[in-house]
Amino acid sequence: LLDASMNVNMDSVTEIFLKLLFLLSVHHRHMAVVGNKYNCDDQLVSALPQSSFSSSSELSSSHSPGFARLNRREGAGGWSPLVSNKYQWLQIDLGERTEITAVATQGGYGSSDWVTSYLLMFSDSGRNWKQYRQEESIWAFPGNTNADSVVYYKLQHSIKARFLRFVPLDWNPNGRIGMRIEVYGCTYRSEVVGFDGKSCLIYTLNKKLINALKDVISLKFKTMQSDGILLHREGKNGDHITLELTKGKLSLLINLGDTKTHPSNAQINITLGSLLDDQHWHSVLIEHFNNQVNFTVDKHTHHFHAKGEFSYLDLDYELSFGGIPVPGKSGTLSHRNFHGCFENIYYNGVNIIDLSRRH
């Protein structure tokens, strides 16, 4: 995603206007900034109340999850489940959606109880969980070799979530599962807009700001619906670009409209991803430079050349998110409007959701 702190010239912003149809649920949060340096390594667990900790089970009241704070000695000196097996977990509620950049673990204080490897799971709701992956594989984190040494792990890519769950995989064979933990990160800057399946957000571009050779669009989305239009832009001759969710997959459709003029490349349809209707956040990036197009969904990128034809698209100065303003206007697949949430929509560095709030 593009840097959320990118500045927009206010003189030119005033020339941009938004027509907004049924815009719902706009939220705004702030990220932690020290001077001009982005700082995201605050300790997140140490100040949490006892109610923020939960677990699959506990050996005794002295081994409850609330005692699982790094370097603390209260209770029995950490969390231990009733039975040590691979079905146990320790859960943290951070109170709001947070950017998590690192984790650290210890064993139970002064004991033979520590975890040697574990999985990390995350969720926005505390019900629908996703496993942390690294290099496209479920990542087993290296744990501890004794009770008191701290093992710190910097995440290769940050997690954005409210809930974290530590799932022990292996532990000291001469002891049991025992954990104390810390999580590092910062408040996540999140601007979210909700769509009810009958709405769309229309952005009218400033003609002076348009660079015909470059377009960059980025956003995140979350939905339970398998079909819906994410974005659409078209011209007077039937040319159009459409990003559509179809049966849980994302399709980028580029239609050049006039098949007589461009018969060999009248339509391009690239499909990426699967099961994208799983109520988790998924990221999308579309980059168009000259006739080179990069289409990225959740770190999977498809690069292609439009053989020069893409530069001939005669498009209007209007871009719609979440649906098509006039249903049936284009030859899209389903014509269904999007039902779900978008987060941090950017078009060539312009924060679309922020503009909708301010205009």
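Colleague: Helices (H or I, at least four residues) and strands (E, at least two) are DSSP runs, numbered from the N terminus. With that settled, in which strand does Ser-123 lie?

Modeller: Ser-123 belongs to strand β8, which covers residues 115-123. Please note that this is a predicted model, in which local features need pLDDT of at least 70 and side-chain atom pairs count only at pLDDT 80 or more, while totals for chains, interfaces and linings use all residues. Residues are numbered from 1 along each chain as its sequence is written, and side-chain values use heavy atoms, with hydrogens and water left out.

Colleague: Is Ser-123 buried or exposed?

Modeller: Ser-123 is buried, because its relative accessible area is 2%. Buried means under 20% relative accessible area, exposed means over 50%, and partly exposed lies in between (1.4 Å probe, protein chains only).

Colleague: What does the side chain of Ser-123 reach at 2.8 Å?

Modeller: At that distance it reaches the backbone nitrogen of Gly-126. The side chain of Ser-123 also reaches the backbone nitrogen of Ser-125, at 3.1 Å.

Colleague: Let us step back to the whole protein. How many helices and strands are there?

Modeller: The secondary structure comes to two helices and 27 strands. The protein has 359 residues, of which 51% are buried. Among contacts between residues at least 6 apart in sequence, 74% join residues at least 24 apart.

Colleague: How many residues has the largest nonpolar core?

Modeller: That core has 36 residues. Residues with the most contacts inside it include Phe-221, Leu-230, Phe-321 and Phe-342. A nonpolar core is a set of buried Ala, Val, Leu, Ile, Met, Phe, Trp, Tyr and Cys residues joined through side-chain atoms within 4.5 Å.

Colleague: What does Phe-321 touch, not counting residues up to four places away in sequence?

Modeller: Its contacts include Phe-195, Cys-200, Leu-230, Leu-231, Phe-342 and Ile-352. Phe-338 is 17 residues from Phe-321 in sequence and 8.5 Å from it in space, C-alpha to C-alpha.

Colleague: Where is Phe-338 found?

Modeller: Phe-338 is in the loop between β25 and β26 (339-347). With a relative accessible area of 1%, Phe-338 is buried. The residues that Phe-338 touches include Phe-195, Phe-221, Leu-230 and Gly-322.

Colleague: Next, strand β18. Why is it described as largely enclosed by the rest of the structure?

Modeller: Strand β18 (residues 228-234) is so described because seven of its seven residues are buried.

Colleague: How many bridges join β18 to strand β19?

Modeller: Six bridges join β18 to β19 (residues 240-246), and these strands run antiparallel. Two strands pair if DSSP finds at least two bridges between them. Within this pairing, His-232 stands opposite Thr-242 in β19. Strand β18 is also joined to β25 by two bridges, again antiparallel, and there Leu-231 stands opposite Phe-321.

Colleague: What about Ser-320: in which strand is it found?

Modeller: Ser-320 is in strand β25 (residues 318-321). Ser-320 counts as buried, at 2% relative accessibility. Its side chain reaches the backbone oxygen of Gly-323 at 2.8 Å. Ser-320 touches, among others, Leu-230, Leu-231 and His-232.

Colleague: Finally, the cysteines. Which two form a disulfide?

Modeller: Cys-40 and Cys-186 do, with their sulfur atoms 2.2 Å apart. A disulfide is a pair of cysteine sulfur atoms within 2.5 Å, and by this rule the count comes to one. The link is left-handed, with -90 degrees about the S-S bond.

Colleague: Where do Cys-40 and Cys-186 lie?

Modeller: Cys-40 lies in the loop between β4 (37-38) and β5 (42-43), and Cys-186 in strand β14 (residues 180-187), so the pair ties together parts that are 146 residues apart in sequence. Cys-40 is buried at 10% relative accessibility, and Cys-186 is buried at 1%. Cys-200 counts as buried at 5%, whereas Cys-341 is partly exposed at 25%.

How values were computed: Contact means heavy atoms within 4.5 Å. A polar contact is a pair of N or O atoms within 3.5 Å; within protein, one must be able to donate a hydrogen and the other to accept it, and residues adjacent in sequence count only if both atoms are side-chain atoms.
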